[in-house]
Amino acid sequence: MAQFNQYDSLIDLSVIKEFCRENGRIVYYPKDDVFVHQGCVAKYLGVVESGYFKYTTPTSSDNEAVVGFAFEGEIVADYYNSFNTYHRKSR
């Protein structure tokens, strides 16, 4: 089966995943629960251990559009803000 999120196979994220598993805590998010709201900077990242995670954004007509997924073994994070926060701090 082809991998849905190709970045996960192109970048070695094993150190981050292992760090989360060893130092984090298990949290269950029920269906339609929110990990981070749009406009807020996420404080956390995680690894999907079972099920999947759905990235959504509101549309101009107040509907919900699915913009991505994270499946078992993949990282859940606010990639854009995480990347920009890292680069702002390293300058």
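Trainee: Which residue meets the side chain of Glu49 in a salt bridge?

Mentor: This is a predicted model, in which local features need pLDDT of at least 70, side-chain atom pairs count only at pLDDT 80 or more, and totals for chains, interfaces and linings use all residues. Residues are numbered from 1 along each chain as its sequence is written, and side-chain values use heavy atoms, with hydrogens and water left out. A salt bridge is defined as a side-chain nitrogen of Lys or Arg within 4 Å of a carboxyl oxygen of Asp or Glu. At 2.7 Å, N to O, the partner of Glu49 is Arg21.

Trainee: How many residues apart are Glu49 and Arg21?

Mentor: Helices (H or I, at least four residues) and strands (E, at least two) are DSSP runs, numbered from the N terminus. Glu49 belongs to the loop between β1 (46–47) and β2, whereas Arg21 belongs to helix α2 (residues 14–23). The pair therefore links distant parts of the chain, and the separation is 28 residues.

Trainee: Is Glu49 buried or exposed, or does it fall in between?

Mentor: Buried means under 20% relative accessible area and exposed over 50%, with partly exposed in between (1.4 Å probe, protein chains only). Arg21, at 40%, is partly exposed. Glu49 has 48% relative accessibility, so its class is likewise partly exposed.

Trainee: Which residue forms a salt bridge with Glu64?

Mentor: The structure holds two salt bridges. In the one that involves Glu64, the N to O distance is 3.8 Å and the partner is Lys54.

Trainee: Which strands does the pair of Glu64 and Lys54 tie together?

Mentor: The two residues are 10 apart in sequence. Glu64 is exposed at 53% relative accessibility, while Lys54 is partly exposed at 32%.

Trainee: How many bridges join β2 to β3?

Mentor: Two strands pair if DSSP finds at least two bridges between them. Strand β2 covers residues 52–58 and strand β3 residues 64–71, and they run antiparallel. Tyr52 has Phe71 as its bridge partner in β3. The number of bridges joining the strands is seven.

Trainee: Which residue in the hairpin of β2 and β3 takes a positive phi?

Mentor: Most residues other than glycine have a negative phi. The hairpin has five residues between its strands, and one of positive phi, near 60°, is not a glycine. This residue lies in the loop between β2 and β3 and is exposed at 72% relative accessibility. Its name is Asp62.

Trainee: What is the phi of Asp32?

Mentor: Asp32 is found in the loop between α2 and β1, where it is exposed at 60% relative accessibility. Although Asp32 is not a glycine, its phi is positive, at about 70°.

Trainee: What is the angle between the planes of Tyr29 and Phe35?

Mentor: Rings of Phe, Tyr and Trp (its six-membered ring) pair if their centres lie within 6.5 Å; planes under 30 degrees apart count as stacked, over 60 as edge-to-face and the rest as tilted. A search of the whole structure finds six aromatic pairs. Tyr29 and Phe35 form one that is edge-to-face, 5.7 Å centre to centre, and the angle is 70°.

Trainee: Which residues do ring pairs link into a cluster?

Mentor: Tyr29 is partly exposed at 37% relative accessibility, and Phe35 is partly exposed at 23%. The cluster linked by ring pairs consists of Tyr29, Phe35, Phe53 and Tyr55.
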